[in-house]
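Please examine the sequence and the structure below.

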Amino acid sequence: LDQELDITYSANACWGFDKGIGMTFFDIKALHGSNATTVADAPGSVVEVDYYHSSSLLTLSDEEIVDKAKKDLDTILGAQCKSSEVLDAAVVRLPEGVNWFFPGSYQDMPDIKAESIGNMSFAGDIVHSSHGSWSQEKVFVTGIEAANSVLGRAPDTGILPLAADELHVRFGKEAVKIARNIISGPKKDSGRPSLVDFLF
């Protein structure tokens with residue numbers, strides 16, 4: 001964009017613009033650092049918009065997708081974004097490029113360090129991790145965990161822990177736990193996060 005926007009968070013999950021389609025937008029200068037070679041020459045903000053579960057958007061032209069992304073950002077970021085112009089854009093289409101998690105799938109995901117091949121490590125959003133992040137953030141974190149494994153470092157070297165849950169999130173988790181106990185009895189805690197825990 002031709003202007004520097006005030007974007008509070010570097011990664012922002014959003015929904016509600018299209019039925020069944022989610023999106024995350026990223027402030028690339030905040031993620032890479034404003035002096036990084038990937039963004040150093042950009043006169044304004046560099047924003048990446050990812051749409052997922054978005055097969056209905058695949059038929060749109062590149063220009064239509066850029067227009068949609070800009071319109072969605074205008075809605076989220078308000079007047080500062082509305083007054084900015086797109087200087088450059090690239091559209092990448094990845095049909096069926098999102099993993100399909102399902103209840104119970106966590107137990108079948110691999111650990112960072114392969115059990116059967118000593119010099120192999122895994123990274124991605126389908127890998128066991130005690131960090132608690134999901135999606136793109138989990139891919140990043142497990143990549144660092146895999147590198148730490150290869151280099152013989154402590155698994156959490158260079159990884160920031162997640163912030164404590166906000167009050168309303170803690171309340172919601174406790175309410176769900178109580179409801180589950182009432183419906184099906186106490187759940188054994190494996191100590192690992194589950195997508196079921198994330199969804200319900």
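The points below are grouped by topic.

This is a predicted model, in which local features need pLDDT of at least 70, side-chain atom pairs count only at pLDDT 80 or more, and totals for chains, interfaces and linings use all residues. Residues are numbered from 1 along each chain as its sequence is written, and side-chain values use heavy atoms, with hydrogens and water left out.

**Fold**
- The protein chain contains six helices and three strands; helices (H or I, at least four residues) and strands (E, at least two) are DSSP runs, numbered from the N terminus.
- Read from the N terminus, the order of elements is β-β-α-β-α-α-α-α-α.
- Of the contacts (heavy atoms within 4.5 Å) between residues at least 6 apart in sequence, 50% join residues at least 24 apart.

**Surface**
- The protein chain has an accessible surface of about 13600 Å², and carbon and sulfur atoms account for 58% of this surface; the areas come from the Shrake-Rupley method with a 1.4 Å probe, and for residues only the protein chains shown count as cover.
- Among the 200 residues, 28% count as buried, where buried means under 20% relative accessible area, exposed over 50%, and partly exposed in between (1.4 Å probe, protein chains only).

**Met 109**
- Met 109 lies in the loop between helix 3 (79-82) and helix 4 (135-151).
- Met 109 counts as buried because its relative accessibility is 9%.
- Met 109 and His 128 are 19 residues apart in sequence, with a C-alpha to C-alpha separation of 6.1 Å.

**His 53**
- His 53 belongs to the loop between strand 3 (47-52) and helix 2 (62-77).
- His 53 is not a glycine, yet its phi is positive, at about 55 degrees.
- Most residues other than glycine have a negative phi.
- With a relative accessible area of 49%, His 53 is partly exposed.
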